[in-house]
Amino acid sequence: MPAVRGDGMRGLAVFISDIRNCKSKEAEIKRINKELANIRSKFKGDKTLDGYQKKKYVCKLLFIFLLGHDIDFGHMEAVNLLSSNKYSEKQIGYLFISVLVNTNSELIKLIIQSIKNDLASRNPIHVNLALQCIANIGSREMAEAFGNEIPKLLVSGDTMDVVKQSAALCLLRLFRTSQEIIPGGEWTSRIIHLLNDQHMGVVTAATSLIDALVKKNPEEYKSCVSLAVSRLSRIVTASYTDLQDYTYYFVPAPWLSVKLLRLLQNYTPPAEDPGVRGRLNECLETILNKAQEPPKSKKVQHSNAKNAVLFEAISLIIHNDSEANLLVRACNQLGQFLSNRETNLRYLALESMCHLATSEFSHEAVKKHQEVVILSMKMEKDVSVRQQAVDLLYAMCDKSNAEEIVQEMLNYLETADYSIREEMVLKVAILAEKYATDYTWYVDVILNLIRIAGDYVSEEVWYRVIQIVINRDEVQGYAAKTVFEALQAPACHENMVKVGGYILGEFGNLIAGDQRSSPAVQFQLLHSKYHLCSPMTRALLLSTYIKFVNLFPEIRTQVQEVFKQHSNLRSADAELQQRASEYLQLSIIASSDVLATVLEEMPAFPERESSILAVLKKKKPGRVPENEIKENKSPTPVTNHTNEVNNISSSSADLLGLSTPPTSQPNSGNTGVLLDVLGDIYSSKPLNNNTNASSNKNWFVDPKKFVCKNNGVLFENDLIQIGVKSEFRQNLGRLGLFYGNKTSTPLTNFVPTLLWPEDNAAKLNMQMKSVEPVLEAGAQIQQMINAECIDDYTDAPSIVVSFVCNKVPHKINIKLPLTINKFFEPTEMNGDSFFARWKNLGNTNQQRSQKIFKAIAPMDLQAARAKIMGFGMALLDGIDPNPDNFVCAGIIHMRSQQVGCLLRLEPNKNAQMYRLTVRSSKETVSVELCDLLADQF
Amino acid sequence: MQFMLLFSRQGKLRLQKWYVAHPDKVKKKITRELITTILARKPKMCSFLEWKELKIVYKRYASLYFCCAIEQCDNELLTLEIIHRYVELLDKYFGSVCELDIIFNFEKAYFILDELLLGGEVQETSKKNVLKAIAAQDLLQEDEAVEGALRDIGLL
């Protein structure tokens with residue numbers, strides 16, 4: 001047993017020894033249970049237990065907890081220790097509480113009282129114990145209890161430095177739990193001036209607090225910038241002996257330096273004060289210069305601390321993004337690190353360079369290191385470093401180096417770690433599309449991806465290649481030829497079969513002239529894979545076959561044979577069976593004219609942003625991958641390469657165009673046979689009648705958003721913005737739709753059409769004024785819609801806006817904010833009449849509807865309140881016995897009738913659930929209101 | 001910093017300090033996952049790894065691993081040095097510290113950590129100042145012990 005310091009607790013040491021001597025897990029548990037029983041009985045029975053013993057037992061409990069066992073008693077005894085007049089007992093009490101007590105414990109009131117007493121103590125060591133406890137637990141109740149006290153401690157001239165340090169961080173913790181506790185006004189400048197404090201420890205602690213405050217209120221704390229720069233300047237110019245114990249392995253105050261550099265990253269470079277800006281740049285230059293000096297010590301601590309400051313300085317340089325000179329120097333410095341022998345430095349240099357690559361000043365400088373980075377991707381021993389190299393290659397990729405980088409990534413993919421393959425596939429797919437000048441290259445890259453890493457190629461990737469091939473005539477023949485060749489490999493990935501099947505079905509005719517790829521050969525080649533494929537792929541191939549019937553009448557009988565096969569016509573899979581039998585009949589009955597119409601080539605897909613990017617972003621939460629060069633923040637633009645780089649990013653935006661999987665195509669006439677091939681048939685999600693709205697979440701404004709509001713932007717993409725303003729009175733409504741053309745070319749054939757089935761139109765009658773068919777560049781037009789509610793209805797009407805931009809047709813489907821709740825008239829009533837009606841309406845089940853659902857975001861009752869008010873009913877305050885509940889009343893006006901409705905929304909904060917109940921004189925109305933509102937909170 | 005864990009080469013947790021509240025279950029899960037991940041890494045590998053939305057910084061000292069979870073914007077290299085400073089403090093206090101010291105005096109290890117880091121932020125980086133604070137605590141304890149002993153034998 002090692003020596004025990006302080007006033008050792010012998011019993012505790014013996015117990016720990018016992019546990020360590022246990023030969024098995026069982027023996028350990030037995031020993032622990034024995035001890036727990038002993039402690040329990042002591043706590044229960046022995047009234048004469050003195051402070052020392054209590055302390056010892058509480059300590060044992062703590063130890064048992066730290067071993068991973070649950071502790072469900074002893075809390076009270078620990079709280080008792082807090083009020084002990086012996087420091088050592090108090091300290092153990094606080095330790096137990098900070099490790100084991102939850103913020104919502106019932107004991108919190110007692111704890112707060114003890115903390116209060118200790119805060120008032122004249123002994124700074126006791127005050128600090130109390131502060132540390134608050135900083136450890138930091139609950140909302142504590143914020144309320146101490147929100148006044150602690151700021152005073154922090155800025156008072158009488159407070160000792162050690163207490164100030166704890167007070168600063170204690171306040172930070174409380175601020176994180178309740179933002180409102182920080183007093184404003186004169187306090188602001190007093191807190192900021194802590195940056196000038198003589199005691200380095202106080203400044204170090206206070207800087208963290210100020211950083212958090214600045215994030216909430218940058219304007220108010222703006223004057224901290226010049227103080228922080230001055231402080232930083234004093235540190236970086238200090239010799240390592242100046243700061244005594246705050247020098248760490250010959251580096252002056254690295255922690256404070258890093259905190260100050262972080263603090264400054266909350267602001268843009270201080271342009272209005274050239275003096276401050278100049279001093280800051282001097283500091284940053286000094287830090288860069290020091291990096292070039294020979295090390296003052298061989299210890300890794302020295303280089304770590306020095307480089308920590310350097311990396312933080314580089315982060316600030318990147319954040320400011322205004323000094324070309326500093327950015328290039330930073331890049332060169334990082335370039336040196338790329339071949340450092342410390343793995344940690346190589347890792348950080350790659351990571352930091354990723355950010356430099358997105359600055360237009362340093363993008364070119366980063367590209368100089370391409371070869372080293374490619375080597376890192378291939379040669380590093382540690383996968384996390386290789387991953388950083390891949391990220392950097394992705395970030396530094398542009399038109400000039402795309403072919404090389406993509407090729408290197410493809411080469412590496414063959415041997416890459418499984419953990420990073422999927423992400424690499426996405427990255428390659430994005431880069432290939434973004435920087436393709438020649439789409440044959442793009443097709444080659446994607447087919448290579450499928451060949452090399454087929455399992456990691458997600459749907460988004462292969463949908464995308466099909467969309468692009470269909471939209472670009474010039475590449476279709478090449479694509480057909482290439483997939484045909486790829487399919488000849490004896491073992492090819494199922495994704496290849498999908499892409500091959502789809503493309504040959506559309507464009508197989510373009511290569512049919514060559515005997516080696518005659519119709520019969522194409523068909524046999526595809527069909528040789530058929531039996532190895534999943535039902536979904538088979539369904540796709542069946543559609544390809546029927547397309548062949550149209551393209552190549554000469555192989556019709558062969559195709560029909562396949563449809564007729566037992567395994568298809570009587571397939572256990574309903575979808576295959578249906579396709580086989582319907583396609584067979586189609587091929588028998590239809591004339592060639594009909595076939596040609598029904599099986600016509602796919603129309604072009606609307607140009608949209610690639611959904612692959614969204615997938616990549618989702619894979620990397622917390623760190624959005626970037627391959628986009630930011631515009632600089634400097635008032636003075638630099639020379640020539642600015643233009644070039646900007647051109648790259650703007651022209652690439654076009655190529656990124658296009659996105660949605662083909663499922664989301666609106667059914668355009670009878671050419672849609674193939675549309676569902678890639679569809680949702682094998683996913684569990686049922687298709688709703690509005691396929692468009694359900695699948696385009698990326699760029700669609702959620703129609704639910706307008707349930708509780710009448711005005712706003714309904715839809716927006718790169719081409720067009722559609723806004724809405726609406727007003728309602730009784731059963732009448734008027735909507736103004738505003739279409740804005742965001743491009744520099746006119747949108748032609750511009751036609752919005754209403755989508756509202758006839759049976760619904762009898763319930764909600766609408767009239768839409770027509771608009772001019774041309775929407776000029778940059779112009780906005782307005783369209784009025786009048787609506788009359790006749791009877792109750794569900795859902796809401798949509799419009800399809802179709803237009804042509806740059807010869808490419810587009811179609812946008814949008815839900816209108818015309819849900820039934822828009823026709824509400826709020827009704828005020830008192831509690832008695834509300835509950836009388838509530839009871840009345842509750843008598844029959846038909847009239848009420850209820851939903852219980854989980855909050856979609858952390859519960860925010862203020863926000864919920866705002867939504868409820870927007871829903872259209874009168875919000876009746878002070879009626880429900882539980883103040884958190886919302887109760888509302890209103891009447892829906894229709895031409896045929898009026899329906900009175902009552903609503904109650906009960907939040908359960910603990911479970912983060914809501915219960916929503918709607919009662920009305922009509923069941924369909926109750927259900928619809930419930931459905932509309934349920935997803936809102 | 002979100003949390004700090006100390007564990008042995010055998011995967012036994014020796015100290016845990018959480019600066020962000022989680023239910024016990026979640027803590028146990030995080031701890032288990034991280035210990036497995038880190039123990040599986042080879043000695044020459046990088047000391048940093050991305051884990052969920054956090055960055056993990058770890059370093060091994062003799063039989064003990066010190067592991068910190070920091071946020072995306074925190075400084076990795078300096079976190080390594082926080083670990084080192086903590087080890088130095090333990091070493092100075094216990095006199096060439098070993099795993100057993102931390103097992104038998106876990107409460108001291110906590111007290112020292114609280115002086116160095118508070119609420120997940122660096123509070124005091126001066127070795128001298130931290131040790132002074134701990135010495136003052138020990139002095140109070142010893143006074144109390146002496147006082148208790150004197151009272152026991154009837155001298156007070």
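Predicted model: local features only at pLDDT ≥ 70, side-chain atom pairs only at ≥ 80, totals over all residues.
**Stop 1: chain B**

Select chain B and colour by secondary structure. Its secondary structure comes to 5 helices and 7 strands. Now trace the chain from its start. The elements follow the pattern β-β-α-β-β-β-α-α-α-β-β-α.

Switch to a surface view. Chain B exposes about 6,400 Å². Carbon and sulfur atoms supply 57% of that area. What share of the residues is buried? Of the 156 residues of chain B, 61% count as buried. Contacts across the sequence come next. Take those between residues at least 6 apart in sequence: 47% of them join residues at least 24 apart.

**Stop 2: where a helix of chain A meets a helix of chain B**

Keep chain B on screen and select helix 4, residues 106–116. An angle from 65 to 115 degrees counts as roughly perpendicular, so helix 5 of chain A and helix 4 of chain B are roughly perpendicular to each other.

Show side chains here. Which residues make the contact? From helix 5 of chain A come A:Gln91, A:Ile92, A:Leu95 and A:Val99. From helix 4 of chain B come B:Glu107, B:Tyr110 and B:Phe111. By class, this contact has 5 nonpolar, 1 polar and 1 charged residues.

**Stop 3: a helix pair within chain A**

Move to helix 28 of chain A, residues 519–530, and helix 29 of chain A, residues 535–551. They pack at an angle of about 165 degrees, with axes 11 Å apart. Angles over 145 degrees count as roughly antiparallel, so helix 28 and helix 29 of chain A are roughly antiparallel to each other. Their crossing is left-handed.

Select the residues that meet. Helix 28 of chain A brings A:Gln522, A:Phe523, A:Leu526, A:His527 and A:Tyr530. Helix 29 of chain A brings A:Arg538, A:Leu541, A:Leu542, A:Thr544, A:Tyr545 and A:Phe548. The classes in this contact are 7 nonpolar, 3 polar and 1 charged residues.

**Stop 4: A:Ala520**

Stay in helix 28 of chain A and pick A:Ala520. Its relative accessibility is 23%, so A:Ala520 counts as partly exposed. What does A:Ala520 touch, leaving aside its neighbours within four places in sequence? A:Ala520 is in contact with A:Ile555 and A:Gln558.

Finish with a distance. A:Ala520 and A:Val559 lie 39 residues apart along the chain. Their C-alpha atoms are separated by 9.7 Å.

Key. Residues numbered from 1 in each chain as written. Chains lettered and ligands numbered in written order. Heavy atoms only, no water. Axes fitted to C-alpha atoms, helices over the stretch in contact; angles between N-to-C directions. Helix = DSSP H or I, 4+ residues; strand = E, 2+ residues; numbered from the N terminus. Parallel < 35°, antiparallel > 145°, perpendicular 65-115°, else oblique. Left-handed = near helix turned anticlockwise from the far one by under 90°. Contact = heavy atoms within 4.5 Å. Nonpolar A, V, L, I, M, F, W, Y, C, P; charged D, E, K, R; others polar. Buried < 20%, exposed > 50% of the residue type's maximum accessible area, 1.4 Å probe, protein only. Areas by Shrake-Rupley, 256 points an atom, 1.4 Å probe, with all protein chains shown as cover.
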